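Here are my notes on the two-chain model, in numbered points. Please keep the structure open while reading.

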Amino acid sequence: MWLLAAAPARGEAQHTIGPAYQLMIIDTKQGNTSQFQGPGVSYVATLGGLWGFQGTFTAYFPLAAYQNGTHVTVSDVYTSAWGIDAVFAVLRRVCFPPALQLDLGFGPHLDGVAMKGKRTSSNNGYSDFNSFTMGLGVSAVLRWRLGSGPVTVGAFGTGAVDFLDLLHGGDLSVGFGVSGGAVVGVDLQ
Amino acid sequence: MRTRLLLLGAALVVAATASCLGPYQIIGQALDTTISLGDQPTWIQATPEKTTLIVFAAADGGFSAPFTLTTVARDQSATILAGSYFFNGNEVTLTANEKYVWQQQYNLPVTQRTGCQRFDIDAGSTYGYVRDGGVITLTGDPPLGSFAYFPEALAGLQATTEPEAECVLRVFQLTVISSETRVVGFNGPSLIQYTTPATFNGTLSGSLNVSVESLLSPNVTISYTNFADFSGWVINGTQYTPTNLSGDGQTLQTIYFRMSAAPPDGGPSETIISGQVGYDLLLSGGTPSGGTYNLTLDGGPTFPLSYQVATVMDVTACVATPR
């Protein structure tokens with residue numbers, strides 16, 4: 001039996017952090033599909049009770065990329081590669097007594113990635129790749145409270161559809177972002 | 001708080017409108033794939049609307065060999081096809097696997113320009129091929145027409161008058177435009193990636209190095225070292241373009257050029273023409289807007305030529321080619 005209820009959180013704010021995996025797909029109007037994925041670290045901040053605010057932030061490091069289906073090992077081509085992903089969501093909380101809590105969110109999404117092309121003496125190197133897309137995303141955080149204390153463990157996931165790129169606005173057809181991971185957190189007064 | 005949100009929103013809208021890096025880059029795209037071919041036969045066809053140059057590398061005992069087909073339009077826009085060719089009787093088959101494109105977009109702010117791009121393609125055509133002395137003719141659908149042997153077409157180059165000097169400058173620009181067209185992102189906002197400098201090989205010989213000082217000081221330096229895309233025409237020197245973030249600034253410094261060719265009866269190459277082009281140009285929004293090219297042939301006078309001379313790429317006045 002699950003209940004829609006006020007927050008079982010012990011404080012006004014819940015802060016969780018944990019390892020994550022991020023996938024981004026960008027389809028361009030020029031007909032290219034760029035995809036990159038890699039591990040990261042996520043931080044989820046939840047404020048409020050039955051309704052509230054939930055921010056999901058992931059810093060990630062692409063390790064593998066695909067261009068029109070062709071695999072590229074990021075470390076072979078780029079000297080540095082990193083990204084940020086965020087969903088700023090309106091929160092709706094669902095509780096499953098006695099210890100489970102599911103926070104569902106919907107709101108604006110941002111994703112930025114910067115990969116700096118290597119330079120080599122033999123063939124001169126590779127071009128940079130970067131993007132900064134915006135759209136709408138959903139987030140879900142499932143928390144399990146350990147005993148009666150402020151500590152929770154759980155998992156999270158986000159999904160997003162982007163339709164605007166601040167760096168390449170005229171060339172973005174559509175972008176998709178997916179992230180997921182495990183979290184451990186604490187409630188704060 | 002509301003004011004801050006409005007400012008943030010306005011900033012995002014401005015940024016989105018600016019689209020400040022042009023089209024997406026290609027993941028894993030090598031900046032330069034050119035392997036210099038050494039001096040190879042080059043053919044040229046000039047019309048008032050465009051100038052077309054073909055390099056057919058020697059087959060060197062193999063079945064096929066590399067070629068490039070460079071087209072520079074009257075408005076400076078350029079396209080380069082690169083690939084391989086082979087002869088079959090009186091026909092030649094060209095198979096292009098790379099296409100470089102520079103679309104002249106001086107009417108747009110720098111942030112909205114596409115810049116030079118390279119595409120992987122798989123396109124081929126077969127043409128009827130006839131060679132008659134110093135002229136080759138390629139027939140097909142559409143026909144490419146007749147081309148003159150590059151050294152012979154340029155044999156009459158001189159600069160004793162200003163109109164002659166203007167035409168020499170345009171011939172010089174053929175190599176400059178061709179070289180820049182192969183620099184991925186050049187003439188567009190993604191040129192900023194060359195804050196880490198990169199080197200590009202000439203089709204026939206030499207190289208150019210392109211560098212940008214920093215993100216906030218986008219001063220561009222292009223240095224040529226024995227660079228040649230077309231047989232015999234070699235350039236050396238540096239072009240330096242300091243600008244602000246809006247593309248307002250100058251183009252300065254000097255590039256030296258030399259055209260040489262072997263005489264018809266063989267023997268070592270002889271210089272047909274040599275000199276230098278000094279840049280003293282003004283840029284407004286990344287577009288040439290004033291100043292001069294100072295063209296000097298070795299041992300001759302200096303001609304200060306308006307920046308507008310190079311905006312009309314018609315070399316028919318000084319390049320003898322069949323139409």
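1. Chain A has one helix and ten strands. Helices (H or I, at least four residues) and strands (E, at least two) are DSSP runs, numbered from the N terminus. Along the sequence the order in chain A is β-β-β-β-β-α-β-β-β-β-β. The C-alpha trace of chain A spans about 60 × 30 × 25 Å along its principal axes.

2. This is a predicted model, in which local features need pLDDT of at least 70, side-chain atom pairs count only at pLDDT 80 or more, and totals for chains, interfaces and linings use all residues. Residues are numbered from 1 along each chain as its sequence is written, while chains are lettered from A and ligands numbered from 1 in the order in which they are written.

3. Confidence comes next. The model scores ipTM 0.84 and pTM 0.87. Chain B has a mean pLDDT of 90, with 93% of its residues at 70 or more; pLDDT is the predictor's confidence in each residue, from 0 to 100. Residues 5–18 of chain B stay under 50, and the model has six contacts beyond four places in sequence for them. Two residues are in contact if their C-beta atoms, placed from the backbone, lie within 7 Å.

4. Of the 189 residues in chain A, 44% are buried. Buried means 20 or more other C-beta atoms within 10 Å of the residue's own, exposed means 12 or fewer, and partly exposed lies in between; C-beta atoms are placed from the backbone. Among chain A contacts between residues at least 6 apart in sequence, 65% join residues at least 24 apart.

5. Eight strands of chain B form an open antiparallel sheet, in the order β9-β10-β11-β12-β13-β14-β15-β16. β9 and β16 of chain B are at the edges with a single partner strand each, so one side of each lacks a neighbour in the sheet. Strands pair if DSSP finds at least two bridges between them. β11 (residues 220–230) and β12 (residues 233–241) of chain B run antiparallel, joined by seven bridges.

6. β15 (residues 287–297) and β16 of chain B pair antiparallel over five bridges. One of the bridge pairs is Thr296(B) with Thr302(B). Four residues lie between the strands of this hairpin, and Gly299(B) there has a positive phi near 80 degrees.

7. Most residues other than glycine have a negative phi, and most peptide bonds are trans. Pro97(A) and Pro98(A) are joined by a cis bond, omega about 10 degrees. Asp141(B) to Pro142(B) is also cis, with omega near 0 degrees. Asn68(A) has a positive phi near 50 degrees and is exposed, with 12 other C-beta atoms within 10 Å. Gln253(B) has a positive phi of about 80 degrees and lies in strand β13 (residues 249–261) of chain B.
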